[in-house]
Amino acid sequence: MASCDTTGEAERTTTDFRCVQCGFPVKTLYIQYSPGNIRLVKCGNCKAVADGYIECEVMILILDLILHKPKAYRHVFYNMFSKETVNFEQSLLWKLVLVYGMLDIYKMWVLSTNEKEYPMPVSFTSFLLEFGKMLTGATSGNLIFLCVLFCGTRKLLSVATRFHGWKQMLFVVVVSSYFKIFLLAMMVWEFPSSVILIIDIFVLSSNTVALKVITNSGIVRCLLVCALAHGMKFFASQNKAFVLQG
């Protein structure tokens, strides 16, 4: 069996780990008898293997994330990254935030650009001006999204203790918004702008599953919170797009 190193500090003796099947806290994920010889621990609640992803290829985990399987999200949020990882490995988190921000700017440019209605800037100065406007729009839209999501989660849902902080919530949002990476394909190949809507729908659904995993709340309530946050972000971006075209 191929073992992938996706559990990080897998021998912690706390109950930070969770069973990926039912979400029940477990003290450890496996017992190591010798190098390369381990036995997966079973959950005391559902009696299933607590985390089978330990012995899975990373590609299987990626496919399960794309399929929106809650057990894959539990593995990522509880067993793959520890609270200390989120707190101290901030550089990767902020790099991803920067990449997503640039992709949002690119999305605004694609939606706003039209050969007849909105020609490309002819000078470097005008390009910088339009880029600054789009940067402002993307930044304000994302800030509104995060504020609405954070407040809605606090008011309407019950968040696990380890995800109470804004940094941990940002981590959940960034990880579950991985579908934005597919916007990079639009920079290489020509796609209709409707593909952006499909990507946004997948991001919304992924955020909803992630919120359900960390809150153990109903899928409908999680969907309402995420839809409200994405809706506020959409209207903020639309208003900025109208300003750009004006």
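Contact is defined here as heavy atoms within 4.5 Å. The structure is a predicted model, in which local features need pLDDT of at least 70 and side-chain atom pairs count only at pLDDT 80 or more, while totals for chains, interfaces and linings use all residues. Residues are numbered from 1 along each chain as its sequence is written, and side-chain values use heavy atoms, with hydrogens and water left out.

The pLDDT, the predictor's confidence in each residue from 0 to 100, averages 81 over the protein, and 80% of the residues score at least 70. Mean confidence is highest in helix 1, at 94, and lowest in helix 3 (residues 83-88), at 55. Helices are DSSP runs (H or I, at least four residues), numbered from the N terminus. Over residues 1-14 pLDDT stays under 50, and the model has 43 contacts beyond four places in sequence for them.

Asp64 lies in helix 1, which spans residues 58-66. Asp64 counts as buried because its relative accessibility is 9%, the term meaning under 20% relative accessible area (1.4 Å probe, protein chains only). Residues up to four places away in sequence aside, Asp64 touches Tyr53, Lys69, Lys71 and Ala72.

Leu61 and Leu65 are buried in helix 1 along with Asp64. These residues lie on the same side of helix 1 because they cover an arc of only 105° around the axis, taken from the directions from the helix axis to the C-beta atoms. The buried residues of helix 1 pack against helix 2 (70-80). Just after helix 1, His68 adopts a positive phi of about 65°.

Helix 6 (residues 166-176) is mostly covered, with nine of its eleven residues buried. Among them are Met169, Leu170 and Phe171.

Conventions:
Helices (H or I, at least four residues) and strands (E, at least two) are DSSP runs, numbered from the N terminus. Buried means under 20% relative accessible area, exposed over 50%, partly exposed in between (1.4 Å probe, protein chains only).
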